[in-house]
Every structure is written in structure tokens, then in C-alpha cells.
Amino acid sequence: MSIKRNLLVSAAGLAIAASAAHAEEITIATVNNGDMIIMQELSSQWEEETGNTINWVTLEENVLRQRVTTDIATGGGQYDIMTIGSYEAPIWGAQGWLEPVGDIEGYDYDDLIPAVREGLSHEGTLYALPFYAESSFTLYRTDLFEEAGLEMPDQPTYEQIAQFAETLTDRENELYGLCLRGKPGWGENMAFIGTLVNTFGGRWFDENWVPQLDQQPWNDALTYYLDVMEKYGPPGATSNGYNENQALFQTGKCAMWIDATSAAGRVFDPSQSDIAEHVGFTAAPIAETDKGNAWFWAWSLAIPTSSSKTEVAKDFLAWATSEDYVNLVGEEKGWVAVPPGTRVSTYENQNYIDAAPFAETVLNSIKAADPSDPTAEPVPYTGIQYVSIPEFQGIGTMVGQQFSAALAGQKSAEEALQAAQQSTMQEMQAAGYTQ
Amino acid sequence: MARAVSTRRKIGFTIAAWAVGLAIFFPILWTILTSFKTEAEAISSPPSFLFFDWTLENYTTVQERSNYFRHFWNSVVISLGSTVLGLIIAIPAAWSMAFVPGKRTKDVLMWMLSTKMLPPVGVLIPIYLIFRDVGLLDTKTGLVIVLTLINLPIIVWMLYTYFKEIPGEILEAARMDGATLRDEIIHVLTPMAVPGIASTLLLNVILAWNEAFWTLNLTAAKAAPLTAFIASYSSPEGLFYAKLSAASTMAIAPILILGWFSQKQLVRGLTFGAVK
């Protein structure tokens, strides 16, 4: 009896020791937004199931981008998983900085929305798994539209948007017809203006990488943007990014707001939004063409090649981006809080459809956004609101600063475009794209 | 008449000083007030100043979501460690420059200061690579070394200014009494320069506490101080102003209290030698 007991105790001890020996500690770098916070909260379940532990490093988006770029480019190896966007995934994958993640056994790749999967791949190899994806669309106040006798079409044009904004603007009562991003930055004002230029028929570069900012579509788009913002936009728009516009919209100061589809859940939540009951959603407006009028972005999880814990990291990726995880969020945090835009099954889930009336509009926007065919005229790049080359971060931010200066009234549209064209040309020449 | 003008001027200066003081302090006050609001109240327009439903919810959430005390402890170790190490190096350096200046002492001082003129990001990659190779990434030791080197020019300059105020004859007298160089620095110079050393120490603790470039770029999960704690609540997508304010208040509270209690020494130290 005693020998048996000893054997059992020893076996149990060995089992514990063995599992402890296999338990790993991984470090995940991520951004601070609602979906990622939920992931952190629920990740304790994965830790319990696997015995592994997670160190979270949460940083502001731009700090995170700088931080992980430094680490990954120098092979620092501080992170085992990093949160990156659809801009970085193909570029870093091509550089050999990311582990391919298209070979995880038992992972339901077919359930991923094809456009999302495509956006995270380079030459057919998947380098990141999508956590949530977004496009852009139009949010508007149904009560104000009703009062004014206006009807928002399923596919509005920018001309109609300007007309609606004119009718609805009531500056005396701090009601602004249209809220758009004005804060300079490639991921701020240029995310919106990029789509505006696309639908006005413009493009960043021609097939030979020659900048096209001195062409008529850019002038038309920028003139439109400056005009509507001056007449119908809120004051101090040059400091308005996503957050500031969300605050304005939620507090009833904007009649229309064109921005990320991920805003839907937030403005629709009565605990956060004063106008939750009066929010309508429709597609992003179009102008000359319907190509590239809505952006595409996917926050995703990727594994740097400098990580020494690839297998454990893949296991976490598979867990956090799975259908089971979506269901777990729905059950624990409410269905409106599930990470949107990545899986077909999410949009077939009746619980989600019932909780999120905006689901279909969001899905249609994401499906329609095609980063591989973003403009009316041919281009040598992929990406709708960005150009998938490493130099774009700098170029986009510099151009955004010029346009923000124009919005502040410091220069005209022509002057801003001329300066932007010149700087972009210099940057592209220095990078060796053009002579 | 002269007295009346003088009183009026005094009142004028007092009002102006209070106005400037309040203007400087207002962003901190606003941050503290916002930390007690709900997220909805934090973005309300017009903003409410004092009349809102005060809540501690943000502090609870921040405490639940992050390990404040680990970040706090890292900040304490890094700021105190780098300041003490800096003082150990800077006291002898400032002594030699103040009491046995060479032909190039002024140039050396200027050169030391010139290292502060280079944007830190210019040397980020070389330092990152060195840290990676010697295993100092995400370690408190690594940050103590970097912050020591960054603040060393300021420490040397401040101490040099204080030491210049001390009459050299006293040190000479000590030497004539048979004091060695070590005795001279430790037993004669240092006690006389205690106010100056104290204010240098305080200022450098504050500078190291608030340093946000290197502390963010060279750390990940283990050695991240309170600057990283604040950065984790900043978000371009999602409104977390109240929580960000709570995190900021928790991060600046220790240094604010330290500054409040030592303001006399700080002001004295900063203005020492300014008027002759």
C-alpha cells in the first residue's frame, strides 16, 4: 500500500514537474482599445488551460509601432507576439521579420473573410491572424434627418453629403453637419483623405511610382474637404482625430461622421453615447468612382522571427482569433462586444445579428474594400488608405501636415498640394523608386 | 507715496505670480479632476469643473488592469539608482573642474552639455543593439546606466556651479592640515555642498522619474516604469480619457508630493549662484 502510494505521489510529482517544464512565459505587445482589453481579461482562461503565462505590454498605437519596429528590425526578441495592422503584415512578412502562420493544425482558415486574409498575406503566405477588422462608413443621426425631412440613401455621394450637411448645420446650437478627421498623420487625416482621393478618381503614384498629388483629382478632393469642413465642420478640426470626433458625435454635436466601422459598437452603446437610439449607418460616400471609397484595416496578431517560443505563440494566436473566442466574448461580455470583421461565422451568428443591427453594413463595407484594386487608374501598390511601402509612414504624415495646415487656413489647397508633391517626389527619389 | 507705489506693485506682482502659477498648474489640476469623472463626463461639453458625480471607478479599473506597484517600484529603483550613480561620478568630476581647472575645462563642460543637444532618437538603434548584445534590454540595470549617462551633464554642471561658490582657501587649509584628496572631498567639500547636492539629487530624481523616451524604448514587461504605465492607457481609437487621467495622477502623485515637500531646497538649489 505504502509503495503504491509512493509511486502514485512520485508519478503525480513527475507529471507536475513535466508540465511545469513545458510551461512558457510569453510577452505580448498590444494596443489599448476595447477589444484588446477584453482579450487581456479573457486570456487567463488560455493560461489556465495551457499552464503558460503572459506578460502584457500595452502601448499607445504610435508608440507601439515605433517600439516593435525597433525590436523586430534589430532582432531584439523582446516580444513573442505583437499586434500589428494590415499595413505592416505584408511589408514585414516580405522582409522575413514574421513567422508564417498559415500552417496551424486545426485552425479554421476557411472561415476568415477572404479580403481580410488577403490583406495580411504577402505572395500568398499568411503572416498574421486577424483579431478584428474594420472598414469605413457613414454614421448619421436618424432623428435629425427625420426632422429635416431628409433620407440617407444606401450609397450616398459626397455631393449629397454636402447638401445634407448644409441643411443640418446649426452653428448657434453647436450642431455641425459633418465631422471628419483633421489631425495630421498617415493614420489620422490621411486615412480619410486617402479614400476621398480614391473616389474622386485619384491615386498616390502612377505605374512608375511617380507621385500624382499635382493631378486634378487630388485638387478636387482636397478642395471639397476644405470647403465642407470650413462650412459645416466643427471649430478646431485640425486637432480632431477618431477620439475627438467620436466624442463630438456621441454628445450630439455632429449630424454625420465618416469614420471607422469599429465606431459602431461604441456609439450604439447607451452607456457611452447620448444619441445611441438615433444612430444610422450607411456605406462610405462615393464621388467619381466607387473604387477605394472605404478603407480597410485589420488589427492582427503576428509572431516575430526573433521569438524563441513560436509554438506557444501560435497556440495563443489560434485561441485568440478563433470562432470559440468570438463565442466566449459574446457569452462573457455581450454579443455587441465581439471582435468584428474577421470571420464569416460571426455574421451568421444570430446572437450577434440581433445585438448588432449595424453588422450587415459593416460586413458589406469590409467585403467591398479591396486593397489590391483601390483606384480607378492602375497603381503599382496595394492598400486603400495607405500605400504598402515602408516609406509611406513618413510620406503620409508629411502630406497630412500640409493638408492640416490648409485646413487651419495657413495655406491654400494648391499650395499644400504643391508642397506635398515636391516632398513626396524627393522622398521617392531618395528611396530609389524614381530617378 | 513711495510706500503706496511699492505696496501696489507688490500686490500686482503677487497677483501676476498667482496667475502664472495657476496657469502652469491648471493642466495637472484638470487631469486630477478628470480622473474622478466617468468617461462620458470626461468628454462632456461644456465641461464640468467641480459639479459632477465624483467616482473612484477609474482608479479601481486601473488598479485591476495594471500592476501599479511593480511600475512604481521600477520607477523608484531607476530614478534613485541613476541619480546616486550620477552623483558618485559627478562629485569628483565637478571638484576637479571647480578647484583644479585646466586649460580646456570650459571646453569640456561645453562638450558635456552639447551631448544634450542631440535628439535621443539619433542614437536609439546603436544603444538598442548594444543593450541587446549585452542582455540589458528590459532590465532596471540598463535603464539606470542610460539615465545616468543622460543626466550626467546636468549633474556635473549643477555641482560645478555650487562648488565654485565654495572658497578654495578652506580646501587648501584642509590640505595643509594633512587631509588626503579623498578626505578633502568626503569630509570637507561634500558637507559644505550638501544643499547643492540635495537640490541636484532632487532635480535629477524628477528628471529620471519623468523620462519617457528611453524608458519606453528599452523596456517591455519587466523593467517598465510608470511612464510605460501611463502610455498603456493612451489610445487613438477608444475614449479612455478618465482612465488615462487616473493613471497619470497615480504616476505623478509620488513625485508631486516629493516636489511639494522639497520645494524650498529645489528653489534654493536652482537659484544658487544666479545672483552675485
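Q: What makes up domain 1 and domain 2 of chain A?
A: Domain 1 is 26-133 + 296-355, and domain 2 is 136-295 + 372-430. The bounds come from an automatic or database domain assignment. This is a predicted model: local features need pLDDT of at least 70, side-chain atom pairs count only at pLDDT 80 or more, and totals for chains, interfaces and linings use all residues. Residues are numbered from 1 along each chain as its sequence is written.

Q: How do you know that domain 1 of chain A touches domain 2 of chain A?
A: Contact requires C-beta atoms, placed from the backbone, within 7 Å. Ten residues of domain 1 of chain A are in contact with eleven residues of domain 2 of chain A. The C-alpha centres of the two domains lie 28 Å apart.

Q: Why is chain A called as compact as a globular protein of that length?
A: The radius of gyration is taken over C-alpha atoms, and the globule rule is 2.2 Å times the number of residues to the power 0.38. For 435 residues the rule gives 22 Å; chain A has 24 Å, which is close, so the description holds.

Q: What makes a residue of chain A count as buried, and what share does?
A: A buried residue has 20 or more other C-beta atoms, placed from the backbone, within 10 Å of its own. Of the 435 residues of chain A, 49% count as buried.

Q: How many residues of chain A are in contact with chain B?
A: 28 residues of chain A are in contact with 26 residues of chain B. H3(A) gives the largest share of the chain A side, five residues.

Key
Chains are lettered from A and ligands numbered from 1 in the order in which they are written. Two residues are in contact if their C-beta atoms, placed from the backbone, lie within 7 Å. Helices (H or I, at least four residues) and strands (E, at least two) are DSSP runs, numbered from the N terminus. A residue is buried if 20 or more other C-beta atoms lie within 10 Å of its own, exposed if 12 or fewer, and partly exposed in between; C-beta atoms are placed from the backbone.
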